[in-house]
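Please look at the sequence and the model before reading on.

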Amino acid sequence: MTLTSTPRRASATLPVPPSRAPATILAVVVGVIILIATAGLDIEWTKLGDVPSRVVNYLQLMFADPNWDKLPRALFETWRSVSMAWLGAIGCVVASIPLGMLAARGVGPTWLRYLLRGVFAIIRAVPEVIIALILLTVTGLTPFTGALALGIAGIGTQGKWVYETIESAQEGASEAVRAAGGNTLETTRWALWPAAAPALMSFALYRFELNIRMSAVLGLVGAGGIGSMLANYANFREWDTVGMLLIVVVAITMCFDLISGSIRRRIMEGARPRGMDRSH
């Protein structure tokens, strides 16, 4: 007896390849937007080839032999920029912590929560430079204008970080305070604040880091500090002094980043135990 088998006919159909039309349309739209944006910039394409050699030339003018004679004044102006950044960070944190807490779900009433979140969004939409230019007409060309601009501009982002941190805090402690008869204020003080305080302090230091960078930018529009000195010497084309100022700005910013980053890690991770062998 022999067994005969008939081969099964392949009835499976090949899968339909995905359509490439959406990707093609998206690529065409992006290409058109790039062409329109490039046409509006009035770029002289014939001069693009000279850009690398000109960049190298200016780098040599700035950093081949920097002018260190203006270093004492550069350090003084840097201190003014750091003071501006520090005052702006303090004002921003002092205002944003209570406002951000009121904007958190479960703390403030609904109407106030949406109102504050709308205000934070509006502030975030306005750059620090625009706020500084508006304040210049009121307070004049002083470092206080820069500190005020940094404080106001930071409230939008800092307030958002605060209410997101409060909302992400664990519910266990707040439920225990409420179960013990605590009201919203007592729950915020004894449950939410202890849980969120390390993260909020870390955000405050990060705001200071951001303000250090922005204080130099605000100086370019007349708010004082190292930015104003940099703009003045760039206008007079004293490139050796500009190079010295850039070295000072980069060095000071990196130092503050290093110190602030170490403090933030200490706050978030806690102190490392001494004498403990990590290999076990």
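## Arg80 and Glu77

Arg80 is partly exposed, at a relative accessible area of 29%, whereas Glu77 counts as buried at 8%. Here buried means under 20% relative accessible area, exposed means over 50%, and partly exposed lies in between (1.4 Å probe, protein chains only).

Arg80 and Glu77 form a salt bridge, with 3.7 Å between the closest N and O atoms. The term stands for a side-chain nitrogen of Lys or Arg within 4 Å of a carboxyl oxygen of Asp or Glu. The two residues are three apart in helix H3 (residues 71-102), so about one helical turn separates them. Helices (H or I, at least four residues) and strands (E, at least two) are DSSP runs, numbered from the N terminus.

## Basis of the model

This is a predicted model, in which local features need pLDDT of at least 70 and side-chain atom pairs count only at pLDDT 80 or more, while totals for chains, interfaces and linings use all residues. Residues are numbered from 1 along each chain as its sequence is written, and side-chain values use heavy atoms, with hydrogens and water left out.

## Salt bridges across the sequence

How many salt bridges does a search of the whole structure find? The search finds six. One of them joins the side chains of Glu167 and Arg105, at 3.7 Å from N to O. Glu167 lies in helix H6 (residues 143-168) and Arg105 in the loop between H3 and helix H4 (110-125), so the bridge ties together parts 62 residues apart in sequence. Glu167 is partly exposed at 22%, and Arg105 is exposed at 55%.

Arg213 and Asp257 also meet through their side chains in a salt bridge, at 2.5 Å from N to O. Arg213 belongs to helix H8 (residues 184-223) and Asp257 to helix H10 (residues 239-269), so this pair ties together parts 44 residues apart in sequence. Arg213 is partly exposed, with a relative accessible area of 38%, and Asp257 is partly exposed, with 22%.

## Asn67

Asn67 sits in the loop between H2 and H3 and is buried, with a relative accessible area of 14%. Its side chain reaches the backbone nitrogen of Asp69 at 3.1 Å. A polar contact of 3.2 Å links the side chains of Asn67 and Thr241. A polar contact is a pair of N or O atoms within 3.5 Å; within protein, one must be able to donate a hydrogen and the other to accept it, and residues adjacent in sequence count only if both atoms are side-chain atoms.

Leaving aside residues up to four places away in sequence, Asn67 touches Asp240, Thr241 and Met244. Contact means heavy atoms within 4.5 Å.

## Annotated spans

An unreviewed UniProt entry places the feature "transmembrane region" at residues 21-41, 84-102, 190-208, 215-236 and 242-259. UniProt positions are given in the numbering used here, feature names are shortened, and annotations may be inferred rather than shown by experiment.

In the model, residues 84-102 are 100% helix and 0% strand, with end C-alpha atoms 28 Å apart. Residues 190-208 are likewise 100% helix and 0% strand, and their end C-alpha atoms lie 27 Å apart.
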